[in-house]
Amino acid sequence: MTKLDSKIPEGPLAEKWTNFKAHQNLVNPANKRKIDIIVVGTGLAGGSAAASLSELGFNVKVFCIQDSPRRAHSIAAQGGINAAKNYPNDGDSVYRLFYDTVKGGDYRAREANVYRLAEVSNNIIDQCVAQGVPFAREYGGMLDNRSFGGALVSRTFYARGQTGQQLLLGAYGALSKEIKKGSVKMYTRREMMDVVLKDGKARGILVRNLVTGKLERYGAHAVLLASGGYGNVFFLSTNAMNSNASAAWKAYKRGAFFGHPSFVQIHPTCIPVHGNYQSKLTLMSESLRNDGRIWVPKKKEDAQKIQKGELSPVNIPEEDRDYYLERRYPAFGNLVPRDVASRAAKERCDEGYGVGNTGLAVYLDFKDAINRLGKSVIEARYGNLFQMYDKIVDENPYETPMMIYPAIHYTMGGIWVDYELQSTIPGLFVGGEANFSDHGANRLGASALMQGLSDGYFVLPYTMQNYLADQINVPHLDTDSPEFEKSEKYVQGNLDKLLAIKGSKTVDSFHRKVGLIMWDYVGMGRSKEGLEKAIEDLKSLRKDFWSNVNIPGDNTGMNVELEKAVRVSDFIELGELMARDALSRNESCGGHFREEYQTEEGEAMRDDENFMFVSAWEYKGVDEEPVLHKEPLNYENIEVKQRNYKTA
Amino acid sequence: MDLKLKIWRQADANAEGKFVTYPVHNISQDASFLEMLDVLNEELVTNGKEPVAFDHDCREGICGMCSLFINGRPHGPDDSVTTCQLHMRKFKDGETVVIEPWRAKPFPVIKDLKVDRSPFDEIIRSGGYVSVNTGGVPDANTIPINKENADLAMDAAACIGCGACVAACKNASAMLFVSAKVSQLALLPQGKVEAKRRVESMVAKMDDLGFGNCTNTYACEAECPKDISVANIARMNREFLCAKVT
């Protein structure tokens, strides 16, 4: 069995990163010019890493599937980015940010990684301001902060409702500067199809040019994957339509272990599904839960009448409303964490009390807040969100309560990496949402942006150099080498096989099916029986897909259906791994809720004695069972506790 | 609702394109415009035909990827939204809807409704950033910025680079796009250091790439899904003039 070496540096927690940097290997400037690095993905992690590595003097080749590096899905993040600046003088510190993040992750993240994340968080804000990112300011000209869930301090920096977009444009600017300088070569509308290994090390990638359909070969001394998360395995999610797991999945199939695949985050306040043609879900900021009260009808017959459109919620008297979060969690009420709020909504809807024409929605009601504060105050606080809701749903939330339902929006799991963000394949590094590190079993709000930029600006430029120091005499890998030949043959074979099926079912119909299986059995509530059924269902779906999918056209030129088919075939396989991981973890923690493991009050029950480890899965073949490796988690600087939201 | 769609089909950049008419049936008023196209494509694929290629990604109105010219307007008949946030309730049952790609020389068609907007990236590369490397920067609060300018910079920075301004302009001018970036950085102290170099270089690049001149029709502002103001164009002209006389 391969031994997992997390490579956590020696020394006290607060000195580990400093010690690492002081003793790591460096590459001299003349040698950097001889080294090529491939970066896949141009979101916060990939874009910032590519720019920073190029600034150091490396040759960087960057790939993205969109038409421009500025369109990566990081752009959709709204709320903000955390940092331990303590500008408001409210008691924040690096330790406190570290502590909140580990606790928020329900004690399933590595202490040393999270501490480093908190440590460099302040550098990120400095860097972004220097780039001209227009963060919100106070009248005195200083940066403004606001609060987010899971914290007792105000440490979130924001740029109106588009923090992700502005941070990404900062990284895109830095990348553009390096492209102009000539040390970054940018390849857009390219999709990674394989990682090419030589002597066990990552030495290149095979990509498909999405415009010409041709396969292209690119060699390097190291490869960085920053290809985002895999929320789209659920079909309906808040992820962008083209977000996919394929780059990470190809790496997994080449030997990179997959960490915590079943850890996904489900956000409670999304606009509900409204029809079977629906393509994606829209998130409404969780700040709405500050003033909105969540409820469903107390009587099932009322819920049924609402579902049929025979009754309006405004006509349901106060005594017939069930404010279930306030009922179940008197101390935290409507402000319980995301995972708890999501599960409670599902429970009510499963029991038949859901509203909307599908019965899969709950109300978020601002009536009391409007009565108490006046409409103008509510408008000032949430006007833009109310307007967005109105545009999509065509209902005025000032008059009728909003309808919301949970949706998938982030994956904590990803490729397993050590402290240096290197996978189990030497030379293959993974950053941002694509790796598993930092968030444990649940991510706190405003921490995704922090992690992406921490990895890209401040961690990978150091750790990749540490690896590359002894690669300076390694010659460039010839793209005509047998390794590339073999990879291309394999990829081409797969594409030919897909195109030859010419069955009767569309790619999207399979994507919907895998999404439904995942949502029903590997979603908010999981059980042994359900997970076993999911594994079987996914196996037969895989068979069905490879016999009956229909992809029109061929492999010459642009073929959008073929692009989707490759991604969906990977989602089906990944779904199975997620189910296996969830099945093997006989406990509930963070976003992973196993129905068998809950307290009498229905709360998540961790099993620290048996499950305080990182699950890292090794691929053994498409029809073989993957092998589970365990990396023990040691908490030396934090006292491990059970979360409680019923009493303060 | 039932609709008749007249869609521009073009196999690739070099092929000749033409309008093809497709009927669609039973479309929900609550569907988004792109979901309506998904329904059409699903039907085309089921019948073994090639689906209509169009760019899209976040479907939340922020990535700037979607780019359809609908009934003569970039992003269609609703105001201040991208195509992905346009809903079918803005159309009438039985209506004929004409769907074209962005029509502008610097944005050649790649396939059907997809165009190549990489000239926007080239303009940004010519100077649309602050030339600062990672690390070694001062603490964020050592640069106080008055709130009014910070807010104006944010207004300009809200541009999503979709290209609707170019598509709306009879001259295919990129002035609104370029001025949004020039303005954002001109309004902030961080951007002042290279302001002269930036505006000269970006304007020259814009001209090189074949974007047309601005004749102040304000069509760009009217069609911008993010309500970027033409005041940015005035600010850029001032910056440009200052750069040329100093």
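Between domain 1 of chain B and domain 2 of chain B, 4 residue pairs are in polar contact, both residues being at pLDDT 80 or more; a polar contact is a pair of N or O atoms within 3.5 Å, where within protein one must be able to donate a hydrogen and the other to accept it, and residues adjacent in sequence count only if both atoms are side-chain atoms. On the side of domain 1 of chain B that touches domain 2 of chain B, 10 residues are nonpolar, 5 polar and 1 charged (Ala, Val, Leu, Ile, Met, Phe, Trp, Tyr, Cys and Pro count as nonpolar, Asp, Glu, Lys and Arg as charged, and the others, Gly among them, as polar). The model is predicted, with pLDDT of at least 70 needed for local features and 80 or more for side-chain atom pairs, whereas totals for chains, interfaces and linings use all residues. Residues are numbered from 1 along each chain as its sequence is written, chains are lettered from A in the order in which they are written, and side-chain values use heavy atoms, with hydrogens and water left out.

The domain assignment of chain B places domain 1 at 3–111 and domain 2 at 118–245, bounds that come from an automatic or database domain assignment. Their contact (heavy atoms within 4.5 Å) takes 16 residues from domain 1 of chain B and 19 residues from domain 2 of chain B. The C-alpha centres of the two domains lie 29 Å apart. About 1,300 Å² is buried between them, 61% of it on carbon and sulfur atoms; buried area is the accessible area (1.4 Å probe) that two parts lose on being put together, summed over both. The rule finds 1 salt bridge across this interface, a salt bridge being a side-chain nitrogen of Lys or Arg within 4 Å of a carboxyl oxygen of Asp or Glu. B:R73 and B:E223 form a salt bridge, with their closest N and O atoms 3.1 Å apart.

Between the chains, 71 residues of chain B and 74 residues of chain A take part in the contact. The two chains bury about 6,200 Å², to which carbon and sulfur atoms contribute 52%. Within chain B, B:R125, B:T134 and B:M154 lose the most area to chain A, together 11% of what that side buries. Chain B and chain A share 7 salt bridges. B:D55 and A:R189 meet in a salt bridge through their side chains (2.9 Å, N to O).

The structure holds 0 disulfides over all chains (pairs of cysteine sulfur atoms within 2.5 Å).
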